[in-house]
Amino acid sequence: MKKFELIAPCHFGLEAVLKKEIYDLGYEILQVEDGKITFEGDAEAVCRANIFLRTTERILLKVAGFQAETFEEFFQGILSVPWEDYLPADGKFWVAKASSVKSRLFSSSDLQSIAKKAMVERMKKEYDMDWFAEDGVSYPVRIFLYKDEVTVALDTTGESLHKRGYRYLGGKAPLAETLAAALILLTPWRADRILVDPLCGSGTFLIEAAMIAANIAPGMRRHFLSEKWDNLIPQCLWEECFAEAEDMVDLDVKTDLQGYDIDGDMIKAARENAKRAGVDGLIHFQQRAVDQLRHPKKYGFILTNPPYGERLEEKNALPKLYREIGEAYHRLDAWSMYLISGYEDTEKYIGRKADKNRKIYNGMLKTYFYQFLGPKPPRRKQMKEERE
């Protein structure tokens, strides 16, 4: 089966998480760059990457790479791409996005129009046609320029992969599902450990954690543009990959996932979202303030996304809120806490310097993933000996 270069974009700072995911799927990494991983795979890999990867935004199929410092070089580069190998004569094709960083060519609109013109010229020659109705399947193109190096790719995904299909209701600043999953995978949490989000909002952290625990592939309940690309990906491959995802689900897994929020409407939204995701039986949601957080067991995890104070009225309330988070955490016995925040005084009001922090871009906002590490639980053999 023909091999492709596939590009998986991700949040800046989380490349290592996505790299491990791709390795675990069984594919060879070709290149790791800021905000994206390039790997090799066949048509089946397009299906499996879209269905199973939790931390990428989309899967792009690379069709060309070349150098261009002038619009003429750019035109000729696009013209030289064998578009007839990728696009049927009735295909709907357009440049959905053109971005440029540190390159001589930087006008997105010009790059888009020139690329479209070159694609049409190539298709005219190869298909011996003067006009294309473009009334068939969609093949959006994405073009990236970095230091005059052009990458041209087809978007196999369509709507971003963070749109799992379960979140119809969100809070004021909901965390993207892909980012939430990546942050969970950065922690040592596993399905048999306690996980609490005391500011759960619409429930994204806990729903993603439940999906990981139950082995629910994030894309198994949605559709992708390339499902209709019969010229490149046989339909049977999609059917096999969706069936593989269904077979892997384990809703009998035992979990201790708890979400609290002071806003009753948010708790209702979180429950509804969890139900749509098929994991409502794995999570306990309750209306409760942060300062009411208690848990009798040891070695649990807090994972949360508190407000950052983007609005002035919110910022004035942050010292009290972060102090309450810190006090709740200190009351828990041998727990770890992970929180993502753009609030500059996070550690001051938590009352402890983080053991680690990692810079993460949440959209355009620079945030830090603060990691307050508790002790590791004893091994099961040791725990048995202590009880005896």
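**Exercise 1: a histidine in a loop**

Work out whether H11 is buried or exposed, and what surrounds it.

Step 1. H11 has a relative accessibility of 13%, so it counts as buried; the cut-offs are under 20% relative accessible area for buried, over 50% for exposed and partly exposed in between, with a 1.4 Å probe and protein chains only. Before you go on, note that this is a predicted model, where local features need pLDDT of at least 70 and side-chain atom pairs count only at pLDDT 80 or more, while totals for chains, interfaces and linings use all residues. Residues are numbered from 1 along each chain as its sequence is written, and side-chain values use heavy atoms, with hydrogens and water left out.

Step 2. Find H11 in the loop between β1 (4-9) and α1 (15-25). Helices (H or I, at least four residues) and strands (E, at least two) are DSSP runs, numbered from the N terminus.

Step 3. Skip the neighbours within four places in sequence, and H11 is in contact with E57, A176, T178, L179, Y361 and G363. Contact here means heavy atoms within 4.5 Å.

**Exercise 2: the whole chain**

Find out how many helices and strands the protein chain has, and why it can be called as compact as a globular protein of its length.

Step 1. Count 12 helices and 14 strands in the protein chain.

Step 2. The radius of gyration is 24 Å, close to the 21 Å from the globule rule for 388 residues, so the chain is as compact as a globular protein of that length. The radius is taken over C-alpha atoms, and the rule is 2.2 Å times the number of residues to the power 0.38.

Step 3. Check the extents: the C-alpha trace spans about 80 × 45 × 40 Å along its principal axes. Of the 388 residues, 51% count as buried.

Step 4. Take contacts between residues at least 6 apart in sequence: 75% of them join residues at least 24 apart.

**Exercise 3: the cores**

Name the residues that touch the most other members of the largest nonpolar core.

Step 1. A nonpolar core is a set of buried Ala, Val, Leu, Ile, Met, Phe, Trp, Tyr and Cys residues joined through side-chain atoms within 4.5 Å. In soluble globular proteins, nonpolar side chains tend to be buried together.

Step 2. The largest core holds 101 residues, and F74, W83 and I143 touch the most other members.

Step 3. Zoom in on I143: beyond four places in sequence, its contacts include F74, I78, V95 and A115.

Step 4. There's also a second, separate core of 23 residues, with L199, V290, A354 and F372 among them.

**Exercise 4: A214 and V253**

Locate A214 and V253, and list what each one touches.

Step 1. A214 sits in the loop between α6 (204-213) and α7, and V253 in the loop between α7 (235-248) and β9 (256-261).

Step 2. A214 is buried, at a relative accessible area of 0%; V253, at 18%, counts as buried too.

Step 3. Leaving out residues up to four places away, A214 touches M248, V249, D250, L251, V253 and L282. On the same terms, V253 is in contact with A191, A213, A214 and L282.

Step 4. Compare sequence with space: A214 and D250 are 36 residues apart in sequence and 4.8 Å apart, C-alpha to C-alpha.
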